[in-house]
Amino acid sequence: MKRITHVGVLVHDLDAAIARWAQLFGYREIKRMEVPPEGLRSVFLSRDGTPDQFMVELVQVVDEADTANPVARRLREHGEGMLHLCMVDEDTGVVARELEAQGVRFAARPTSTGRGDDRLILSPRATNGAMVEILSEREWAQVWEPEPRA
């Protein structure tokens, strides 16, 4: 992998979590995202307020009662805490083939931006219980593109 970009932390209250991370660590908000296909909203934070540093992504489930949403189930069963580790690589196709050859399975998830197809979510069974997300450089760059105006 080229680099680790961020960790995701699952929270009940996004605004309270933002305030807590700012108070404890001086983190500043960079970007808010709605991810309708996954029923999530999130906020990226970093120390300097830019995506150039390591970041924390605070993730909130839109409907915690949604039994079809795996993230909502995780929140109900395990509470708040570490959700995922995100890495970026040039070619997720090559990465997927290499990992599949080692028996790694993937969770089926839509892209985070809804505009690309270069996103892998590894089954936590393959990575000692940790959910690992791997994005292509292209997909990662799309996260930071300005939102289209309505």
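**Burial and salt bridges**

User: Is Arg119 buried or exposed?
Analyst: The relative accessible area of Arg119 is 13%. Buried means under 20%, exposed over 50%, partly exposed in between (1.4 Å probe, protein chains only). So Arg119 is buried.

User: What kind of model is this?
Analyst: Residues are numbered from 1 along each chain as its sequence is written, and side-chain values use heavy atoms, without hydrogens or water. Local features need pLDDT of at least 70, side-chain atom pairs count only at pLDDT 80 or more, and totals for chains, interfaces and linings use all residues; the model is predicted.

User: Which residue meets Arg119 in a salt bridge?
Analyst: A salt bridge puts a side-chain nitrogen of Lys or Arg within 4 Å of a carboxyl oxygen of Asp or Glu. For Arg119 the N to O distance is 2.6 Å, and the partner is Glu38.

User: How many residues apart in sequence are the parts that Glu38 and Arg119 tie together?
Analyst: Glu38 lies in the loop between E2 and E3. Arg119 is in strand E6 (residues 119-122). Strands (E, at least two residues) and helices (H or I, at least four) are DSSP runs, numbered from the N terminus. So the pair ties together parts whose separation in sequence is 81 residues.

User: How exposed is Arg41, the salt bridge partner of Glu34?
Analyst: The closest N and O atoms of Glu34 and Arg41 are 3.5 Å apart. Glu34 is exposed, with a relative accessible area of 52%. Arg41 counts as partly exposed, because its relative accessibility is 26%.

User: How far apart in space are Met33 and Val59, C-alpha to C-alpha?
Analyst: Met33 sits in strand E2 (residues 28-35). Met33 counts as buried, at 10% relative accessibility. Val59 is 26 residues away in sequence, and the C-alpha to C-alpha distance is 9.4 Å.

User: What is the relative accessible area of Ser46?
Analyst: Ser46 belongs to strand E3 (residues 40-46). Ser46 is buried, because its relative accessible area is 0%.
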